[in-house]
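Take a walk through this fold with the model open beside you.

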Amino acid sequence: MSDMIDTHVERMKKSIQALKDEFNTIRTGRASASLFDKIRVDYYGEKSPLSQVATVSIPEARLVVIQPWDKNLIGEIEKAIQKSELSLNPSNDGKVIRIAIPPLTEERRKELAKHAKAVAEQSRVAVRNIRRDGNDELKKAQKDGTITEDELKASEDSIQKETDKFIQEINKILEDKEKEIMEG
């Protein structure tokens with residue numbers, strides 16, 4: 001029975017990690033290497049993550065420097081960044097790509113904050129769905145006679161406590177991200 005709960009708690013943890021990963025790719029007014037986590041570069045016919053073909057560094061608060069390991073990739077990396085949803089304008093000197101991170105407009109900050117709220121809501125829904133799945137499994141186990149009614153109630157309470165904890169964590173992560181976006 002506790003194995004069943006542990007399985008659902010693990011799934012909830014994965015939902016939190018997915019939220020954090022998604023938030024890392026939402027642009028704020030500051031430079032961050034994680035902005036480029038979703039960028040894929042055409043590397044000899046295969047789409048490779050930028051981090052596997054170049055070094056991404058942040059020498060200043062609003063500057064990103066990308067140094068490809070293979071100089072022939074500089075054009076491909078530039079194209080991939082331009083095609084991305086980041087709205088950034090890379091420039092290169094033949095050796096490295098420099099990207100100045102412009103400050104966000106108030107309107108863009110509000111759009112990003114709204115997007116962050118939507119992503120957080122998807123995570124809350126995912127956690128609640130996991131709770132529902134867990135409760136359904138518990139009810140089935142009780143119906144099959146493998147757990148008692150008291151064990152069912154205790155387990156449902158346990159899953160609810162975990163759900164509440166994860167929803168609170170999502171809310172805190174969202175609050176921090178909104179602050180980061182609005183400060184920029």
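Start with helices H1 and H3. Their axes lie 10 Å apart, and the packing angle is about 170°. H1 is therefore roughly antiparallel to H3. By class, the residues of this contact are twelve nonpolar, five polar and five charged. Axes are lines fitted to C-alpha atoms, for helices over the stretch in contact, and angles run from 0 to 180 degrees between N-to-C directions. Angles under 35 degrees count as roughly parallel, over 145 as roughly antiparallel, 65 to 115 as roughly perpendicular, and the rest as oblique. Nonpolar covers Ala, Val, Leu, Ile, Met, Phe, Trp, Tyr, Cys and Pro; charged covers Asp, Glu, Lys and Arg; the others, Gly among them, are polar.

This is a predicted model: local features need pLDDT of at least 70, side-chain atom pairs count only at pLDDT 80 or more, and totals for chains, interfaces and linings use all residues. Residues are numbered from 1 along each chain as its sequence is written, and side-chain values use heavy atoms, with hydrogens and water left out.

Now step back to the whole protein. It has four helices and six strands. Helices (H or I, at least four residues) and strands (E, at least two) are DSSP runs, numbered from the N terminus. Along the sequence the pattern reads α-β-β-β-β-α-β-β-α-α. The C-alpha atoms fill a box of roughly 70 × 40 × 25 Å, taken along the principal axes. The radius of gyration is 22 Å, whereas a compact globule of 184 residues would have one near 16 Å. That radius is taken over C-alpha atoms, and the globule rule is 2.2 Å times the number of residues to the power 0.38.

How much of the protein is buried? Buried residues make up 40% of the 184. Buried means under 20% relative accessible area, exposed over 50%, and partly exposed in between (1.4 Å probe, protein chains only). Contacts reach along the sequence too. Among those between residues at least 6 apart, 64% join residues at least 24 apart. A contact here means heavy atoms within 4.5 Å.

Return to H1, which covers residues 2-24. Its 23 residues should span 33 Å at 1.5 Å a residue, and its end C-alpha atoms are 33 Å apart, which agrees. The expected span is 1.5 Å times one less than the number of residues. In H1, Ile-5, His-8, Val-9, Met-12, Ser-15, Ile-16, Leu-19 and Phe-23 are buried. Their cover includes H3 and H4.

Next comes H4, residues 149-183. Its 35 residues should span 51 Å at 1.5 Å each, and the end C-alpha atoms are 51 Å apart, in agreement. The buried residues of H4 include Leu-152, Glu-156, Phe-166, Ile-167, Lys-177 and Ile-181. The buried set packs against H1 and H3.

How do H1 and H4 sit against each other? Their packing angle is about 10°, with the axes 11 Å apart. H1 and H4 are therefore roughly parallel. The contact divides into eleven nonpolar, three polar and five charged residues. On the H1 side, the residues include Ile-5, Val-9, Met-12 and Lys-13; on the H4 side, they include Ser-155, Ile-159, Glu-162 and Phe-166.

H3 and H4 make another pair. Their axes come within 10 Å and cross at roughly 170°. H3 is therefore roughly antiparallel to H4. This contact has 14 nonpolar, eight polar and twelve charged residues. Look at Ala-118, which lies in H3. Ala-118 counts as partly exposed, at 40% relative accessibility. Ala-118 and Leu-174 are 56 residues apart in sequence, yet their C-alpha atoms are 9.9 Å apart.

Finish among the strands. Asp-42 sits in strand S1, residues 40-43. Asp-42 is partly exposed, with a relative accessible area of 31%. Leaving aside residues up to four places away in sequence, Asp-42 touches Lys-47, Leu-73 and Glu-76. Asp-42 and Leu-73 are 31 residues apart in sequence and 8.3 Å apart in space, C-alpha to C-alpha.

Tyr-44 is not a glycine, yet its phi is positive, about 50°. Is Tyr-44 buried or exposed? Tyr-44 is exposed, with a relative accessible area of 66%.
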